[in-house]
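Visitor: I'm new to this one. Could you walk me through how to read it?

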Amino acid sequence: MKAILLVAAGGVIGALARFGLAFVMDKSLTDSLFPWPILTVNILGCLAFGILAEIGLERGLLHPGAQLFLFTGILGSFTTFSTFGYETLSLLRADKILLALSYVLASVIGGVLALYAGTRLVAKLA
């Protein structure tokens, strides 16, 4: 039960941070067609994940509860892209270059295709 509460509390913080940052950026970039707010969220999330991963995962300086709160909760709701980046980096560090490349391609292409399939499915059912 404690783990669920840690993830939920972190999730609220991450979701609100994502919403707030995107809201502020959307207001200042009204003429831009490029998705700057989401790109910013993804890059900041990766930076934060990298810093915290080095402290908590690689050096073991974060309590498991703090890891749940920070990684799964805050960063998981702020951006899942940071987890994707970390998993890719972990594969690269393990010299699994082909596996990392496969993971990146499958995630990006598979995700876009799944999104397209979902929109087409709803369009056909409507």
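Here is a short chat about aromatic pairs and a helix.

Guide: First, the model is predicted: local features need pLDDT of at least 70, side-chain atom pairs count only at pLDDT 80 or more, and totals for chains, interfaces and linings use all residues. Residues are numbered from 1 along each chain as its sequence is written, and side-chain values use heavy atoms, with hydrogens and water left out.

Visitor: How many aromatic pairs are there by the rule?

Guide: Rings of Phe, Tyr and Trp (its six-membered ring) pair if their centres lie within 6.5 Å; planes under 30 degrees apart are stacked, over 60 edge-to-face, the rest tilted. Here the count is six. Phe-19 and Phe-23 make a stacked one, 6.0 Å centre to centre with 20° between the planes.

Visitor: Where do Phe-19 and Phe-23 lie?

Guide: Both sit in helix α1 (residues 2-28), four residues apart, about one turn of the helix. Helices are DSSP runs (H or I, at least four residues), numbered from the N terminus.

Visitor: Is Phe-19 buried or exposed?

Guide: Buried means under 20% relative accessible area, exposed over 50%, partly exposed in between (1.4 Å probe, protein chains only). Phe-19 has 57% relative accessibility, so it counts as exposed. Phe-23 is partly exposed because its relative accessible area is 44%.

Visitor: And what about Phe-49 and Phe-71?

Guide: Their ring centres are 4.7 Å apart and their planes at 55°, so that pair is tilted. Phe-49 lies in helix α2 and Phe-71 in helix α3, so the pair ties together parts 22 residues apart in sequence. Phe-49 is buried at 5%, and Phe-71 is buried at 8%. With Tyr-86 they form one aromatic cluster.

Terms used
Helix = DSSP H or I, 4+ residues; strand = E, 2+ residues; numbered from the N terminus.
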